[in-house]
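Welcome! Take a look at the sequence and the model first.

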Amino acid sequence: MAAMIWNGNAQSRQLIVLIVVSLLAWIFIELADAVSDGDTHRFDQYILRSFGSLTYGADSRVPAWLTEVIRDVTALGGVAVLTFVVLAISGFLWLIGQRRSMVYLLLSVLIGLLISQMFKGFFERPRPDIIPHGSYVDTTSFPSGHSLMAAVVYLTLAVMLARGLERRAVKVYVTSIAILLVLAIGVSRIFLGVHWPSDVVAGWVVGTGWALLCGVLARWLQKRGVIEPEAEQSEVKR
């Protein structure tokens, strides 16, 4: 989706982003209202119990090695890994002289983190207790911080990387990898029993909306010389 948005002219990109972000904002508001009213509880319980029966039930069909793989996947959305990724990319931007882009990336991620913590503090939804937690948690549940921050970090990085790519296929590849990673991290949180499905969907919605806004704002700032233009094209042209 992000790659498609970035292929049109500036006006069409901005319009599409505004429409998509407005839609995502509406989805989040409706979802948050449903969660507050308890309308999602039956659905959340059904999905979580279904995952739990695969892992902990008498007919468990999930091998131990797969559970460990899922823990590895969920770690990709954790504080330690995301911090390392952001700092590593920031160091790279510093070394190639794109220091204002580095600051922009750090601010984008930091604001995304503040948004996540603000919503968690506002809704204060308890963690699910239907199945044993497969991962340590000490914060409230709505929205999923792993899902939200994974979307903020990986989708923002993908969008910023796509600025320096010319071929549509390469843009689609980069954004598709980021999207698959974000989806996998969210599903892993449900599998491990630490989030309700509606928490994860809310995290995806908010994180994606923020990443899209950061992407279009980066383009706007780049054209006005506030942040550096993308690095010189390095891919092979057809």
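Why does I111 count as partly exposed? The reason is its relative accessibility of 36%, since partly exposed covers the range between buried (under 20% relative accessible area) and exposed (over 50%), with a 1.4 Å probe and protein chains only. Please keep in mind that this is a predicted model, in which local features need pLDDT of at least 70, side-chain atom pairs count only at pLDDT 80 or more, and totals for chains, interfaces and linings use all residues. Residues are numbered from 1 along each chain as its sequence is written, and side-chain values use heavy atoms, leaving out hydrogens and water.

**The nonpolar surface patch**

- I111 sits in helix α6, which covers residues 99-123; helices (H or I, at least four residues) are DSSP runs numbered from the N terminus.
- Together with V103, L107, L110, L113 and L114, I111 forms a nonpolar patch on the surface.
- The accessible area of these residues together is about 500 Å², computed by the Shrake-Rupley method with a 1.4 Å probe, where only the protein chains shown count as cover for residues.
- Patch members have over 30% relative accessible area and no salt bridge; nonpolar side chains (Val, Leu, Ile, Met, Phe, Trp, Tyr) are joined within 5 Å, and like charges within 9 Å.

**The salt-bridge network**

- A salt bridge here is a side-chain nitrogen of Lys or Arg within 4 Å of a carboxyl oxygen of Asp or Glu, and by this rule the count comes to three.
- One of them joins the side chains of D44 and R125, at 2.9 Å from N to O.
- D44 belongs to helix α3 (residues 41-55) and R125 to the loop between α6 and α7 (145-162), so this pair ties together parts that are 81 residues apart in sequence.
- R125 also forms a salt bridge with D199, with the closest N and O atoms 2.7 Å apart.
- Because D199 lies in helix α9 (residues 197-223) and R125 in the loop between α6 and α7, this pair ties together parts 74 residues apart in sequence.

**A salt bridge within one helix**

- R71 and E68 meet through their side chains in a salt bridge of 3.4 Å, N to O.
- Both lie in helix α4 (residues 64-75), and because they are three residues apart, about one helical turn separates them.
- R71 is partly exposed at 33% relative accessibility, as is E68 at 42%.

Methods:
Helices (H or I, at least four residues) and strands (E, at least two) are DSSP runs, numbered from the N terminus.
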